[in-house]
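The sequence and the structure come first, and the entries follow.

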Amino acid sequence: MKFKHYLIVFLASFGLSLFFASCLNEDNKIPPNCYDLIQNNGEEGVDCGGPCEKECDHCTNGIFEPHKGETWLDCGGPCPVCPQCANGIKDGDEVGIDCGGSCGGCEALCNDGLLNGFENEIDCQYDIEGVELACELCPTCTDGVMNGNEAGIDCGGPNCPVCCTSGNCRNGMRDGNEFWVDCGGSTCPDCPDTLSFRVVTTNTNAFVPSSFFAVDYSNAPVIDVITTGTASNGSSIMIRFSEYPTPNQEYNLATVNANVASIAYTDETGVVYSSAYGGASGKVTFVRKAYLELENNTNGQCNKPVGEYRYWRATFSNVVLSNMDGTLQIQLTDGLIQKTIFEN
């Protein structure tokens, strides 16, 4: 009888141990593998390719693999016969390779990684007279745009002539003769005209369109820099420097003469706040100015329009302004002014 009890206890203990062992925990979880019906562990498909011994079916993987006998994407050779509208050949009533007529518009093929439609290179075209322009233009060294692998506009990289400065317009640094980081100068795209700030009082971000008015009278005895424009929230702003500042020059609005540097802000209701009214605080920093005169073939391969480029950049932060009688205040911060003036 005792033996029978011991046997029952043993079997019960053994069963419980199996039950708890089967429960998943951090120590006994089954790792991802090639038989779990999930694509993981670097597999190319579900339980195939990558670390798995089983190869994926190349006729269904969405990759054009001519070395495996495919004549087009997942078709031809050992794969199913290619349909007429996806065989890499201009046939039937098509106007381009696999497009037009009964096959649909060529623009639908511009991002498929295949050389089809009217494309001259994969997913792009040359601008050829009489040929439908369905895809983006292919990068060239004469298109006036920094694209492809170029380091500047139509220069640098493996295919285009060397740029006329040592700057690289893609490296996140201000080098060469760039006006600011990766913009301006003789080879980089112009720095985008910017006048933006935040109204702390109402927590409103304001942005002035790129057509904002800016004047540079660098040789005038009185007014050197005025920047003004109407912001996206209906307000307007004017930043004025009455002497041409030097780089990194900082103005404390609490102490600087308003005839030297000032900010005036008009809110959307027409109330004017100005540092000229007294009681202002905060700072304006004239960060950088730059000047460049480009002539034909200056120092070699400079591909921007010939003319004079004058650039300045300023910031302002935590600026408090009062209205004329001092009864109202407004606070502006996160201000950025960036402007290029071009004269040809």
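**Entry 1: Model and salt bridges**

With which residue does K339 form a salt bridge? I found that the partner of K339 is D193, and the closest N and O atoms are 3.0 Å apart. I note that a salt bridge is a side-chain nitrogen of Lys or Arg within 4 Å of a carboxyl oxygen of Asp or Glu.

I record that this is a predicted model, in which local features need pLDDT of at least 70 and side-chain atom pairs count only at pLDDT 80 or more, while totals for chains, interfaces and linings use all residues. Residues are numbered from 1 along each chain as its sequence is written, and side-chain values use heavy atoms, with hydrogens and water left out.

I then looked up where the two partners lie. K339 is in strand β11 (residues 329-343) and D193 is in the loop between α1 (2-22) and β1 (194-199), so the pair ties together parts that are 146 residues apart in sequence. Helices (H or I, at least four residues) and strands (E, at least two) are DSSP runs, numbered from the N terminus.

I looked up the accessibility of K339 next. K339 counts as buried because its relative accessibility is 9%. The cut-offs are these: buried means under 20% relative accessible area, exposed over 50%, and partly exposed in between (1.4 Å probe, protein chains only).

K339 has a further contact: its charged end sits over the ring of F212, 4.8 Å from the centre of that ring. A charge sits over a ring if NZ of Lys or CZ of Arg is within 6 Å of the ring centre and within 35 degrees of the ring normal.

How many salt bridges does the structure hold? I counted five. One of them joins the side chains of R198 and D334, at 3.1 Å from N to O. This pair links distant parts of the chain, with R198 in strand β1 and D334 in strand β11, 136 residues apart. R198 is partly exposed at 24% relative accessibility, and D334 is partly exposed with a relative accessible area of 47%.

I also noted the salt bridge of E250 with K283, whose closest N and O atoms are 3.7 Å apart. The pair links distant parts of the chain: E250 belongs to strand β6 (residues 249-252) and K283 to strand β9, 33 residues apart. K283 counts as partly exposed, at 37% relative accessibility.

**Entry 2: A hairpin**

I looked up strands β4 (residues 225-230) and β5 (residues 236-241), which run antiparallel and are joined by six bridges. Two strands pair if DSSP finds at least two bridges between them. T230 stands opposite S236 in β5. The two strands β4 and β5 form a hairpin with five residues between them, and G234 in the turn has a positive phi of about 90°.

**Entry 3: Aromatic pairs**

How many aromatic pairs does a search of the whole structure find? The search finds eight. Rings of Phe, Tyr and Trp (its six-membered ring) pair if their centres lie within 6.5 Å; planes under 30 degrees apart count as stacked, over 60 as edge-to-face and the rest as tilted.

Among the pairs is that of F64 and W72, which is tilted, with 5.2 Å centre to centre and 50° between the planes. F64 is partly exposed, with a relative accessible area of 31%, whereas W72 is buried at 11% relative accessibility.

F241 and F286 form an edge-to-face pair, with 5.2 Å centre to centre and 85° between the planes. F241 lies in strand β5 and F286 in strand β9 (residues 281-294), so this pair ties together parts that are 45 residues apart in sequence. Both F241 and F286 are buried.

I noted also a cluster in which ring pairs link F197, Y265, Y273 and F316.

**Entry 4: Disulfides**

How many disulfides does a search of the whole structure find? It finds 13, a disulfide being a pair of cysteine sulfur atoms within 2.5 Å.

One of them joins C59 to C79, with 1.9 Å from S to S. The link of C59 and C79 is left-handed, with -80° about the S-S bond. C59 is buried, with a relative accessible area of 14%, and C79 is buried at 7% relative accessibility.

C75 and C82 form another disulfide, with sulfur atoms 2.0 Å apart. This link of C75 and C82 is right-handed, with 95° about the S-S bond. Both C75 and C82 are buried.
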